[in-house]
Amino acid sequence: MPTYATAEQYLDYTGQSGPADIERRLARASERVDELLANAIYETDEQGFARNAGERDAMTRATCAQAAWTLAVGDEFGTSSAFKDVSMGSVRLARVDSKDGLAPRYAQDAVSILLRAGFLIAVMTW
């Protein structure tokens, strides 16, 4: 599986150098982007990268946004973001409120970038 962004691209996107393990985090973020692109149709080269430069750029930016988000929330694997409040004495956990009861797994900016690039279809519910 390709990693859609490099440490240098992350720096260009965020204006900040990543942590020492940024390459691993970008690989993880690329996995999340792949999940979002599961039903997308686009041409790829031999390495699995989009042939179209605009699509490739969107995938890079979405990967950087996903990595930045996981760093900002301090939850690379999406486990602690499931709870808004955690206590240990007499154990008390309060789950994050959401429409479907699931914790966010994807950065809103990553989803927005892929949506604007035409990879995703917006579903509006009123």
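How are H3 and H4 oriented to each other, roughly parallel or roughly antiparallel?

1. H3 and H4 are roughly antiparallel to each other, a label for angles over 145 degrees. The axes of helix H3 (residues 53–73) and helix H4 (residues 108–116) cross at roughly 170 degrees and come within 8 Å. Axes are lines fitted to C-alpha atoms over the stretch in contact, with angles from 0 to 180 degrees between N-to-C directions; helices are DSSP runs (H or I) of at least four residues.

2. This is a predicted model, in which local features need pLDDT of at least 70 and side-chain atom pairs count only at pLDDT 80 or more, while totals for chains, interfaces and linings use all residues. Residues are numbered from 1 along each chain as its sequence is written, and side-chain values use heavy atoms, without hydrogens and water.

3. In the contact (heavy atoms within 4.5 Å), Ala58, Met59, Arg61, Ala62, Ala65 and Gln66 of H3 meet Asp109, Ala110, Ile113, Leu114 and Arg116 of H4.

4. The structure holds two aromatic pairs (ring centres of Phe, Tyr or Trp, the latter by its six-membered ring, within 6.5 Å; edge-to-face means planes over 60 degrees apart). Tyr4 and Phe49 are edge-to-face, at 6.3 Å centre to centre and 75 degrees between the planes. These two residues are 45 residues apart in the chain. Tyr4 is buried, with a relative accessible area of 6%, whereas Phe49 is partly exposed, at 24% (buried is under 20%, exposed over 50%, partly exposed in between, with a 1.4 Å probe and protein chains only).

5. The rings of Tyr42 and Phe119 have centres 5.3 Å apart and planes at 80 degrees, so this pair is edge-to-face. Phe119 is buried, with a relative accessible area of 10%.

Technical notes. Parallel < 35°, antiparallel > 145°, perpendicular 65-115°, else oblique. Phe/Tyr/Trp six-rings, centres within 6.5 Å; stacked < 30°, edge-to-face > 60°.
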